[in-house]
Amino acid sequence: MTAPTLDLLCIGNAIVDILASVSHETLNALGSPLGSMTLIDADQAASIKAQITPEQVMGGGSAANTAVVAARLGARVGYLGKVASDEVGLGYAKDLAAQKLFYPSAPVQNADRPTARCIILVTPDGQRTMHTYLGICTEFGPEDVDQSAVAAAAVTYMEGYLFDKDRAQSAFILAAETAHKAGRRVALTLSDTFCVARHHAAFRALVAGHIDILFANEAEICALYETEDFDAAAAQAGRDAALVVLTRSEKGAVILSDGQKLVVPTQEVKVVDTTGAGDAFAAGFLAGLAKGRSLEACGQLGNEAAGAIITRMGARPAADFALRA
């Protein structure tokens, strides 16, 4: 087995984020559950955008956020995600290059759907509620898996949000099989309880059959194993995957490996916007893993990265982001 040239390759929905602060009353008027992710069409996106004042527009997508933070932490990172060759998509690709990410996915010429976008509404308590128009990113399929990049990466990390379409599910399995054939590891983040519920059986099969490292928050892991008992869900996850990393907000993180359970506490910070907290945690953890850190140190770095992200608007690190793995 040759040495990896990438520490981490992330695969996910390539989405441009539009962030705005709103009141709980505005959010309630839209009928969106606090903290949820709702899929919308182009008309709904236009209607919501007309009711808000955008504060930031930036490259986004869960796995892309993880990729950017991991790169800022010193990891060698690549990303696969589908965009159109429209202004937004070309800007997205340019932004990833500026972040020093390897991005071999070519923007699609003459695409019949535009690049995806996510309208993120942030309430005064820092909770983010997402409305996502997926555009072309949902057309990601097996042909979009750069198998040479997967084989070159120590860990291939896949985003559960992308798992909605059958072709994307086939792409996940191809990526996992390619990684394992090359002697690499495969990681998955469950992303969203609604996504898990939509494809429950497929997620269970994916985790049990193809995943080495599983990331989830408390609600997601309970949804996967259809229980309200966190400890029971965590125990089952530990039987299905070699390394399980579960975030519990202010309760910190729970790490399960080789039958052992490790709890890594977090420090209290002033929450401005929780967008990207889980993405940043995974980035910190995986960057630490790439540097050979202990699991406890990886969990601590994940907590620190998430803490640095939630003290400001947006899911990407600011210029003064100074953490290193």
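**Ground rules**

I number residues from 1 along each chain as its sequence is written, and my side-chain values use heavy atoms, with hydrogens and water left out. Since the model is predicted, local features need pLDDT of at least 70 and side-chain atom pairs count only at pLDDT 80 or more, while totals for chains, interfaces and linings use all residues.

**Entry 1: salt bridges**

I started with charged pairs. My rule for a salt bridge is a side-chain nitrogen of Lys or Arg within 4 Å of a carboxyl oxygen of Asp or Glu. The structure holds eight of them.

I looked up glutamate 143 and found lysine 82 as a partner, with the closest N and O atoms 3.9 Å apart. This pair links distant parts of the chain, 61 residues apart: glutamate 143 is in the loop between β7 (128–133) and α5 (147–152), and lysine 82 is in the loop between β5 (77–80) and α4 (87–98). For these labels, helices (H or I, at least four residues) and strands (E, at least two) are DSSP runs, numbered from the N terminus.

Which of the two is buried and which is exposed? I use under 20% relative accessible area for buried, over 50% for exposed and partly exposed in between (1.4 Å probe, protein chains only). Glutamate 143 has 52%, so I put it down as exposed. Lysine 82 has 12%, so I put that one down as buried.

Glutamate 143 has another bridge, to arginine 167, with the closest N and O atoms 2.5 Å apart. Arginine 167 sits in helix α6 (residues 166–181), and glutamate 143 is in the loop between β7 and α5, 24 residues apart. Arginine 167 is partly exposed, at 39%.

Elsewhere, lysine 261 and aspartate 231 meet in a salt bridge of 3.6 Å, N to O. Lysine 261 is in strand β13 (residues 260–264) and aspartate 231 is in helix α10 (residues 230–240), so the bridge ties together parts that are 30 residues apart in sequence. Lysine 261 is exposed at 53%, and aspartate 231 is partly exposed at 47%.

**Entry 2: the cavity**

A cavity here is a set of points on a 1 Å grid over the protein atoms alone, where a 1.4 Å probe fits but cannot get out; lining residues have an atom within 4 Å of a point. Grid points are joined across faces, edges and corners, and the volume is the space filled by probe spheres set on the points.

I counted one cavity of 30 Å³ or more. The largest cavity has a volume of about 40 Å³. What lines the largest cavity? I listed Asp7, Leu8, Ala75, Val155, Leu286, Ala287 and Ala290. β1 (6–11) and α11 (277–290) are the elements that give two or more residues, and α11 has the largest share with three.

**Entry 3: strand β2**

Last, I checked β2 (residues 15–21), where six of the seven residues are buried. Strands pair if DSSP finds at least two bridges between them. β2 runs antiparallel to β4 (residues 56–60), with five bridges; aspartate 17 has methionine 58 as its bridge partner there. With β6 (residues 116–122), β2 pairs in the parallel sense over seven bridges, and serine 21 stands opposite valine 122.

Conventions. On a 1 Å grid over the protein atoms alone, a cavity is a set of points where a 1.4 Å probe fits but cannot get out, and a pocket is an open set with protein on both sides within 12 Å along at least five of seven lines; lining residues have an atom within 4 Å of a point.
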